Amino acid sequence: MKRLVVVESPTKARTIRQFLPPGFQVEASMGHIRDLPSSAKEIPAKVKKEKWARLGVNVNEGFEPLYVVPSEKKKTVKQLKDALKGADELYLATDEDREGESIGWHLLQVLNPKVPVKRMVFHEITRDAILRALEQTREIDSRLVDAQEARRILDRLVGYSVSPVLWKKIAPKLSAGRVQSVAVRVLAQREWERLDFVTASYWDLKATLAKAGVDFEAKMTHYGERRLATSKDFDENTGKLKDGSDALQMDEDTARPLAERLAGATWRVAEVEKKKARRTPAAPFITSTLQQEANRKLGLPARQAMRVAQKLYEQGLITYMRTDSPTLSGEAIEAARRSVESRYGAEYLSPKPRQFSAKVRNAQEAHEAIRPAGTEMKTARQHGLTGVEAKVYDLIWKRTVASQMADAQLLRTRAEILAAEGTDDESTFRANGQVIVFPGFFRAYVEGKDDPSAALDDRDNPLPDLSEGDRPDCRTVEPIGHETKPPARYTDATLVRALEAAGIGRPSTYASIIDTIVNRGYVNRNRSQLIPTFTGLATNQLLERNFERLVDTGFTAKMEEELDQIASGDEERRPYLERFFNGEEGLEKLIEKRLDTIDPREVSELKHTKWEPFVIRVGRYGPYVEDTRTNETKSIPPEWAPADVTHDMLDELAGKESGDRPLGIHPEHEVPVLLKIGPYGPYVQLGDDEEGGKKPKRMSLPKGTEPDDVDLDLGVQLLGLPRTLGEHPETGDAIKASIGRYGPYVQQNRTFASLKPQEGDNVLTVGLERALELLAEKAQKNKPLRVLGDHPETGDPIEVRSGRYGPYVKHQKTNATLPKTLDPMEVTLERAVELIDAKAAQKKTKRKPRKKKAS
């Protein structure tokens, strides 16, 4: 009897094969095999003229989705149908969440099997889990499919309905999304808070004291009877003490002489308080907490953390990585406790097994926490893992094991110390210390913190043995100046936490949300910070003013709850979608009502009192500043962070000569040669701006060439690019030189080699001989290490190459990195095909729209 098992990926298929009994054939669907149309060319001809066709959803007939099999998936569908022909049973073994249930349902619809179908689910890929899943199959859960389909339709309705408004009113190629726009709003609100923030300065004193030769530090808290102000006492929008505050704002003129006086003061311990404290371990990872901790401790963006976790899951090393349940199975708890006892001793076990419940809004308890798969609790080293996979696995292992360990026991000491200048004047200082009495779970794991300056709990900071009446020696008294800080920008970790706390999105969506808003130009990454761009601020401004409900966190969270109700059977999909889109206050009527009332100039204008008399606008070609006194404009550098922009920066930018000046008349074309400054740097242009739809020829200035150095002769030479240097002596191909997106280059057909200015290369003077030399070097670099043979499906060669990030295999336009454990000189054709096919199956991330550059 032959049984066909379908999973999503080749890696998962390869892992499952080793656990299945004889007679099972495992094939990969490469993710979804069909979806809503992604472009007009995918819309079937029979419905192309329908008004709803561009949405891919028939909003007039029960919100029936229009599903199509993309061209790149047709070969996969054929392979699956061929495999099904000889099968007696079909097992759908896609992931156990809504997305996996949806993939399984689509497979069922497209393959249309005539044999029995079984839904096989598991949360880890181990022998026991796979064999148990074979015995406990079920049918496709239509409620989960409905919920996922409703989510997909909602996303399409919002995105495809609102995005055209952004194109018309702000700039082309912008997009809105049901969850992504809310995420941008969260970031935009924080950026405006930072811009509104007014810094306050305050001072205090730090004393270095000693008892019995042991130094310790104490910080001044009171001057006489008045408490010294700290950052929390100041109003963020005025920089002044909050109304009603009785705190003393000490300044430098007071702090410095006071420090000098207190250096000779009499110091006395007035009070000592000791408290025992306990710390309990954090719950095992769920998707969001794994993303947060991988970002804090490893610096990984959410997307990369999930990619690594996906690999670990598909290799059978961890449980399913998309979950919002921190619960551990009984066997996992037993395995973790065995590991604790064998590695650390019985005293490090918690008195009884720990179990955790979800704290996430709208949490689904259907899955187990993310933990090492199986019952052996092997370490990363025992699995032979290296690199980032080892680091992520190690986080998961430690967090799981720590969850079953004893509490950490701490002893915290607070000492109040008085410094007397005379008989009446006393200043109060406070010293804090901590000693770890019993480390407990600290031996395995300590949770990271979002504030880099915050101390972790597993660090000893002991004070000497202090008692009331002690008179410590004063080593130094130092005046310390402070400034209040604006609210911190979000990182991947803190944004995920904020979205999760608000009940927005789902475990599987956080990484893609962040990826989307970065790739579409609404947010820039600066190290770990997520900084909204001016385009992001303008887009959010339009949505807030005209579609406020769509970017309201409460409304979006309610939508998530309603989708959960569809999944549980308490809500019907079609009536819900009908209300959302076609209702009296539905999306379609809202857009019709708002479209003609939106003033493009008004919604794309960003104002702040700190910038006056300047305003910042977002146009078709990016952000620019306008001086309202003269109406002159200048492009803003794309890397500028909005909240960091000051009046002086705008004033300096506006004061710069534009460079938009004529260099003279071109001797051949008899039109002006203009030097212009664009959003991405200076360039020369032949003739005036577009007339009759024809774009004038442009060429960027070579790197290092200042606009002031450009004259008519240089402008003419640049506009003469590309230069033909001659013919290749062997092939007869033309060899050319020009300037492109990445700088000056020489070219032979489709082979490009960068010029090397550091070696004296100049695009205007480079000769044929030098160009041939550079092209030969490039050809040598492009030579593969090995040619393994032809791909069995396409017949095109598969090559092993050496790249910037290590060895990889190449087939057509697909590159797949070789695992570090795989020697490039020993990789086989079969293994390379697996790697290539797995890479090709990954969903293509939509690229950020290419920025226009002078050419």
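Helices are DSSP runs of at least four residues, numbered from the N terminus. The close-ups below come from a predicted model.

Figure 1. Helix H8 covers residues 287-298 and holds both Arg 296 and Glu 293. The two residues are three positions apart, about one turn of the helix. Arg 296 and Glu 293 form a salt bridge, with 2.6 Å between the closest N and O atoms. Glu 293 has 0% relative accessibility and is therefore counted as buried. Arg 296 is counted as partly exposed because its relative accessibility is 23%.

**Figure 2. The pair Glu 376 and Lys 378.** A salt bridge joins the side chains of Glu 376 and Lys 378, at 3.8 Å from N to O. Glu 376 has a relative accessible area of 59%, so this residue is exposed. Lys 378, at 32% relative accessibility, counts as partly exposed.

**Figure 3. The pair Asp 761 and Arg 770.** In the salt bridge between Asp 761 and Arg 770, the closest N and O atoms lie 2.9 Å apart. Buried means under 20% relative accessible area. Asp 761 has 12% relative accessibility, so it counts as buried. Arg 770 also counts as buried, because its relative accessibility is 18%.

**Figure 4. A network of salt bridges.** Salt bridges link Glu 271, Glu 273, Lys 275, Arg 414, Glu 416 and Arg 430 in a network. Side chains of opposite charge can pair when their charged atoms come close. For the model, the count of salt bridges comes to 62.

Conventions. Residues are numbered from 1 along each chain as its sequence is written. This is a predicted model: local features need pLDDT of at least 70, side-chain atom pairs count only at pLDDT 80 or more; totals for chains, interfaces and linings use all residues. Side-chain values use heavy atoms; hydrogens and water are left out. A salt bridge is a side-chain nitrogen of Lys or Arg within 4 Å of a carboxyl oxygen of Asp or Glu. Buried means under 20% relative accessible area, exposed over 50%, partly exposed in between (1.4 Å probe, protein chains only).
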